[in-house]
Amino acid sequence: DVGEDAGNLLEAVTGRHRFAENFEAETLGWSRDHLGPTLRMRRGRTARLTARNRLDSPITAHWHGLHVPGWQDGGPQSLIAPGQELEQRLDIDQPAGTFWYHSHPHGRTGYQVYRGLAGMLLIEDDDKASNNLPLNYGVDDIPLIIQDKSFSSRGTLEYDDDGMAAMQGFRGDRIAVNGALAPKARVPQGLVRFRLLNASNSRVYALRFNDNRSFHQIGSDAGLLPAPVERRKLQLAPAERAEIVVDFSEGAAARLVSEDVPLEMMGGMMGGGMMSGMMGGSSGPATREGVFRVLDIEVDRSRTGAITALPQELLGAHLPTFDEPVRRRRFQLNMMMGMGMMRGIFGGRPKLGINGKTYDMDRIDQQVRLGETEVWQITADMMSHPFHVHGTSFQVLSQNGRPVEFGEIGMKDVVWVENSAEILVRFDKPAIADAPFMYHCHILEHEDSGMMGQFTVG
Ligand code: C2O
Ligand code: CU
Ligand code: CU
């Protein structure tokens with residue numbers, strides 16, 4: 001719990017972490033050898049945290065999804081130099097949900113998050129529905145931080161953010177959940193909530209159970225859905241979250257698996273064949289069955305869950321309210337930046353961008369007015385991208401020209417852009433030029449290669 005009086009210290013440190021037997025590697029973590037503690041914050045309260053940097057390169061502490069002003073957001077401008085620390089007071093002013101925190105220094109985010117500078121952050125509130133769901137942390141409310149890793153034979157984590165790896169996004173060939181390969185969970189007999197966070201640099205997951213059982217999605221990036229949605233499969237792009245509730249009342253074990261989702265170079269109209277040709281059309285390694293094992297779940301028949309039925313309505317009073325949009329902005333995510341892309345093809349760090357410009361810390365790309373509703377239209381070239389916006393949550397209006405039902409995906413801060421997407425967005429927290437908000441592709445190698453822009457709100 002991070003409360004007023006609990007000044008929490010998050011120390012970025014190096015460590016050696018055991019992912020599984022024979023899989024130990026040098027890692028990074030927040031106050032531990034790998035990843036960080038789950039931070040729990042309460043709506044209406046102020047969370048106090050100190051982020052300290054014990055590494056030899058700069059970090060930041062970004063609260064992904066939190067509605068806080070730019071100077072508390074921990075974007076690339078808010079660098080914490082080696083040996084330094086930064087105290088933050090976060091006024092928590094949004095509905096309950098599953099969020100996360102990670103380091104965000106420009107050009108190094110991919111490296112640092114891959115090694116482990118990430119953790120989960122939960123917001124709780126007093127809403128009736130939020131408290132009629134499985135809420136017993138670690139028992140029937142289980143956080144799952146999903147990442148992919150590659151291990152060398154020397155027992156180090158392999159990572160590459162140059163050349164083709166940067167263009168396609170780096171993908172590892174093993175799935176780690178909360179820092180463990182092929183982990184097992186024991187759950188009580190009854191309803192169990194899983195909070196899924198895709199904290200991978202670029203891998204997209206299509207999650208399902210091996211017995212194809214159905215489950216209910218109850219939340220997405222920024223909180224609960226209006227009502228539970230029954231599914232058998234769930235796609236999760238980098239930085240997206242989903243909360244699901246699975247019924248284990250019959251006592252049968254299950255395995256959560258992911259089908260391999262190729263990050264094809266075909267989001268855009270053009271160049272599909274050309275790009276997949278050049279890049280070997282790779283979809284990254286998968287297991288022999290073509291699916292990744294994510295989590296084995298066993299039911300402990302001696303315990304029963306506290307919650308026996310899902311509420312029919314979830315979001316209740318927290319349905320978003322937007323005014324008529326007063327402005328439309330366009331964002332084109334560019335792989336094609338003239339010679340910039342060629343640098344990637346020839347093995348260097350490519351130069352990617354948005355609206356024809358690669359990220360520049362000294363340039364403000366947009367100025368947004370506080371409290372005004374806008375429509376943002378995002379288009380992708382050559383491949384699909386998860387587009388993320390700091391400082392707020394938004395509603396997705398359409399994807400690839402087709403309208404999106406709010407009830408299906410709820411409030412978001414990441415939208416999967418295959419060809420195009422439109423979002424309805426409003427900022428209620430300010431950001432000044434010295435500490436602007438970011439919008440970027442959350443494929444971290446794209447972000448680090450410049451597919452990012454920044455904006456003020458005032
Ligand atoms: Cu998950 Cu700009 O962040
Ligand atoms: Cu963010
Ligand atoms: Cu991208």
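This is a predicted model: local features need pLDDT of at least 70, side-chain atom pairs count only at pLDDT 80 or more; totals for chains, interfaces and linings use all residues.
Q: Which residues does Val 294 touch, not counting residues up to four places away in sequence?
A: Residues are numbered from 1 along each chain as its sequence is written, while chains are lettered from A and ligands numbered from 1 in the order in which they are written. Two residues are in contact if their C-beta atoms, placed from the backbone, lie within 7 Å. With near sequence neighbours up to four places away left out, the residues that Val 294 touches are Ile 146, Ile 175, Val 177, Leu 207, Leu 256, Val 257 and Ser 258.

Q: Which residues of the largest nonpolar core touch the most other members?
A: In soluble globular proteins, nonpolar side chains tend to be buried together. A nonpolar core is a set of buried Ala, Val, Leu, Ile, Met, Phe, Trp, Tyr and Cys residues joined through C-beta atoms within 7 Å. The largest such core here has 114 residues, and those touching the most other members are Leu 121, Leu 144, Ile 146, Leu 196, Val 294 and Leu 333.

Q: Is Leu 35 buried or exposed?
A: Most residues other than glycine have a negative phi, whereas Leu 35 has a positive phi of about 55°. Leu 35 sits in the loop between strand S2 (23-30) and strand S3 (39-42), where strands are DSSP runs of E with at least two residues, numbered from the N terminus, and helices are runs of H or I with at least four. A residue is buried if 20 or more other C-beta atoms, placed from the backbone, lie within 10 Å of its own, exposed if 12 or fewer, and partly exposed in between. Because Leu 35 has 27 C-beta neighbours inside 10 Å, Leu 35 counts as buried.

Q: How many C-beta neighbours does Asn 355 have inside 10 Å?
A: Asn 355 also has a positive phi, near 50°, and lies in the loop between strand S22 (353-354) and strand S23 (366-368). Asn 355 counts as partly exposed because its number of C-beta neighbours inside 10 Å is 13.

Q: Which strands stand at the edges of the open sheet of 4 strands?
A: Two strands pair if DSSP finds at least two bridges between them, and the order in this sheet, whose pairing is mixed, is S2-S1-S4-S6. Each edge strand has a single partner strand, so one side of each is left without a neighbour in the sheet, and these edge strands are S2 and S6 (85-91).

Q: Which residue in S6 stands opposite Leu 49?
A: Strand S4 (residues 46-53) and S6 pair in the antiparallel sense over 7 bridges. Within S6, the residue opposite Leu 49 is Gln 88.

Q: Which residue in the turn of the hairpin of S10 and S11 has a positive phi?
A: Strand S10 (residues 174-177) runs antiparallel to strand S9 (residues 141-149), joined by 4 bridges, and S10 is also joined by 2 bridges to strand S11 (residues 180-181), again antiparallel. S10 and S11 form a hairpin with 2 residues between them, and the turn residue with a positive phi, about 50°, is Asn 178.

Q: What is the average pLDDT of the protein chain?
A: Of the residues, 92% score at least 70, and the chain average is 91.

Terms used:
pLDDT is the predictor's confidence in each residue, from 0 to 100.
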